[in-house]
Amino acid sequence: MKKLLGASKLFCCNKEFQIINNGGVLFESDPSNPKNKILCFGDYQSLLEQNPDAKASFYPQHILLPALSNPHIHFEFSNNKTTLVYGDFGEWLDSVIQRREELFENLEQSIQKQIQLQLESGIASVGAISSYGFDIAPLASSPLRVQLFNEAIGSNPALIDTLYSNLLARLQECQKHSSKRFLPALSIHSPYSTHKILATKVANLAKENNMLLSVHFLESNQELEWLTQSKGFFKEFFTKHFGNPNATSTLNPMEFLELLEENKTLFVHCLFASKSELEKIASMNAVVISSPRSNRLLNNRYLNLEILKEVKLPPIFSTDGLSSNFSLNLLDELRHTLFAYPHYTPSEFAKELVLGVTHYANASLGFEGGEIARGRDADFALFECEGISTSTQEALHFILHCQKASEVYINGIGAYNGKTF
Ligand code: MCF
Ligand code: FE
């Protein structure tokens, strides 16, 4: 079956940020086809006349755009509200070590709530960091497209074999659910928390299986100091929590990047990365993901987007988890980000923000949506926005006013309808 959707404003989310007034998209909508695609797009009325057999709906005073992608999120921390300490990365990490067990009670329902919130905010695909495997089943049975990043972590060389076996067990569990929509992937938590030998094994495993890799990288000043000088907060951290006063860093920042040279990697945070490290990331065809509210809450700063621009890396945005945020609504994240960079012109910056959760975020997850173009995945979100038909600052008005999607389509099929909630 073919469907035609139209709205007052169609955001194509190509690099030029083309917008079509009274635009429409014609797409396949066959429930038995795992790859329903966009067939064509353009003026709604013309498409309607050319395709009288398509099931058509037009949404006045709405924005139609490719569904959003949230490429870095920790569903397993969905129970945190007031348990973890914000304001200083070291204090936050101490609180995670001391209190994380408390966060896993009745987790399933909190994960389901956050999955619903993703759909409600117009998201079709997520990059979920899975530290324990608690999120595998709920995500596999959700309508979302998922890259499930099974996380490896551990700096004690004596435990590497055990930790690696545990990772393989979670990966196997994940592979049982593997489909076009649910893709098992890997994560090295970070270079400060993961021993070089374990990190190397995981990087090789990802390469062999052609899987994406996600890593937290240079998130804090404490991490930078540890990786470059093996001193500071982490010296005490490894003594205090792991009884190891002789720990040293096993990788400096550049060595960590070199280890991942042949991987397809999402580098998350990079708050303390230098220009040469970002240049290296760009040269590896890798991407940088920023979670601005998480960065504000744990490290009191935002990523310098100017340096990112200089090395030609497009900004990509995500919410991170409720471990370091107060809401996993990606539109809320964009609203806050708009205000976090007051030196950028609002209407122009808004376009970059939208591309950072559609075009570039989707590509970072290796899915084929994120843009309205022939042959792309039929993943769309529709948002009501009163007065949008006469707006000349559409991206800005979208970010300022749109809270909840009225419809979300994933793989050409309705996955969320605002009226039912
Ligand atoms: O992204 C934030 C902050 N940076 C690092 N890790 C996490 C974040 N939210 C949750 N985490 C998890 C991480 O995946 O917390 C643990 C890891 O399992 C921290 S290290 C014990
Ligand atoms: Fe994170």
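Student: What is the handedness of the crossing of helix 13 and helix 16?

Tutor: The model is a predicted one, in which local features need pLDDT of at least 70 and side-chain atom pairs count only at pLDDT 80 or more, while totals for chains, interfaces and linings use all residues. Residues are numbered from 1 along each chain as its sequence is written, and side-chain values use heavy atoms, with hydrogens and water left out. The crossing of helix 13 and helix 16 is left-handed, a word used if the near helix is turned anticlockwise from the far one by less than a right angle.

Student: Which residues make the contact?

Tutor: With contact meaning heavy atoms within 4.5 Å, helix 13 contributes Leu 331, Leu 334, Arg 335, Leu 338 and Phe 339, and helix 16 contributes Leu 396, Phe 398, Ile 399 and Leu 400.

Student: What makes the atom pair of Glu 151 and ligand 1 a polar contact?

Tutor: A polar contact is a pair of N or O atoms within 3.5 Å; a polar side-chain atom of Glu 151 lies 2.6 Å from an oxygen atom of ligand 1, and therefore the pair qualifies. For Glu 219, a polar side-chain atom lies 2.7 Å from a nitrogen atom of ligand 1, and an N or O atom in the side chain of Ser 323 is 2.8 Å from a nitrogen atom of ligand 1.

Technical notes
Chains lettered and ligands numbered in written order. Helix = DSSP H or I, 4+ residues; strand = E, 2+ residues; numbered from the N terminus. Polar contact = N/O pair within 3.5 Å; in protein donor to acceptor, adjacent residues only side chain to side chain.
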